[in-house]
Structure formats: structure tokens, C-alpha cells
Amino acid sequence: MYRNHIERVWRLTRTLAAREVDRVGPGQLDVEVAELAALLHDIADWKYSGSETAGVERAREWLTEQGYCAAKKQRVLYIIENVS
């Protein structure tokens, strides 16, 4: 069930990103950042962890472990922190 939710959010993100790229042009939108935020948005979700910051903390930890670009990591984390 949880996996289905993440897949739906990821697919919707890809669809919306493709439309936005068509609208604003290639190179104007970082689709990778949007997709990563979609995939990680519920990691350690507060409903299950009891912490409102656990999700973004865990995402930060994972992205750092992967050696992900610092600037892109900040954008992914911003999206995760601000998604409702």
C-alpha cells in the first residue's frame, strides 16, 4: 500500500514535470530533483515516526551517503519539507 502511494506520486511528478518542460523549455526544470523529492517525500513520515523532522533528516542522511550534489540535495530537502 505504501509503495503504491510512492509510485503514484512519482508517476504524477513525472507527468507534471514533462508538461512543465514542454511549457518552459528543456533545461529550465530539474526533473531529477523533482523525482527524487517524490520518491523520498514520505521517508520516515511523521504519521509513522512521530517526528515532523525525521523524514527530511533521513532523506538528508541518505542523499549524503550517496554523495549527492549538495546544491541539488538542498532543493530536494526543500521540497520534502514543504510538501503537504
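Visitor: What share of the contacts with a separation of 6 or more links residues 24 or more positions apart?
Guide: In this predicted model, residues 24 or more positions apart account for 54% of the contacts in the protein chain that have a separation of 6 or more.

Visitor: OK, and how many helices and strands are there in the chain?
Guide: The protein chain has five helices and zero strands, and its pattern, read along the sequence, is α-α-α-α-α.

Visitor: How much of it counts as buried?
Guide: Of the 84 residues in the protein chain, 29% count as buried.

Visitor: Which residues make up the largest nonpolar core?
Guide: That core has eleven residues, namely Val33, Leu36, Ala37, Leu40, Val56, Ala59, Leu63, Tyr68, Val76, Leu77 and Ile80. The elements giving two or more residues to this core are α2, α4 (54-65) and α5, and the largest share, four residues, comes from α2. As a general matter, nonpolar side chains in soluble globular proteins tend to be buried together.

Visitor: Let me pick one of those, then: what does Val76 touch?
Guide: Leaving aside residues up to four places away in sequence, Val76 touches Val33, Leu36, Ala37, Leu40, Leu63 and Tyr68.

Visitor: Switching to helix packing, how do the axes of α2 and α5 cross?
Guide: The axes of helix α2 (residues 31-40) and helix α5 (residues 70-82) come within 9 Å and cross at roughly 45°, which means that α2 is oblique to α5. The crossing in which α2 passes α5 is right-handed.

Visitor: And which residues meet there?
Guide: From α2 there are Glu32, Val33, Leu36, Ala37 and Leu40, and these meet Lys72, Arg75, Val76, Ile79 and Ile80 in α5.

Visitor: What about α1 and α2, are they roughly parallel or antiparallel?
Guide: The axes of helix α1 (residues 2-24) and α2 come within 8 Å and cross at roughly 160°, and angles over 145 degrees count as roughly antiparallel, so α1 and α2 are roughly antiparallel to each other. The crossing of α1 and α2 is right-handed.

Visitor: Who makes that contact?
Guide: On the α1 side the contact is made by Ile6, Val9, Trp10, Thr13, Arg14, Ala17 and Val21, and on the α2 side by Val31, Ala34, Glu35, Ala38 and Leu39. The residues of the contact of α1 with α2 divide into nine nonpolar, one polar and two charged.

Terms used:
Residues are numbered from 1 along each chain as its sequence is written. This is a predicted model: local features need pLDDT of at least 70, side-chain atom pairs count only at pLDDT 80 or more; totals for chains, interfaces and linings use all residues. Side-chain values use heavy atoms; hydrogens and water are left out. Axes are lines fitted to C-alpha atoms, for helices over the stretch in contact, and angles run from 0 to 180 degrees between N-to-C directions. Angles under 35 degrees count as roughly parallel, over 145 as roughly antiparallel, 65 to 115 as roughly perpendicular and the rest as oblique. A crossing is left-handed if the near helix is turned anticlockwise from the far one by less than a right angle, and right-handed if clockwise. Contact means heavy atoms within 4.5 Å. Ala, Val, Leu, Ile, Met, Phe, Trp, Tyr, Cys and Pro count as nonpolar, Asp, Glu, Lys and Arg as charged, and the others, Gly among them, as polar. A nonpolar core is a set of buried Ala, Val, Leu, Ile, Met, Phe, Trp, Tyr and Cys residues joined through side-chain atoms within 4.5 Å. Buried means under 20% relative accessible area, exposed over 50%, partly exposed in between (1.4 Å probe, protein chains only).
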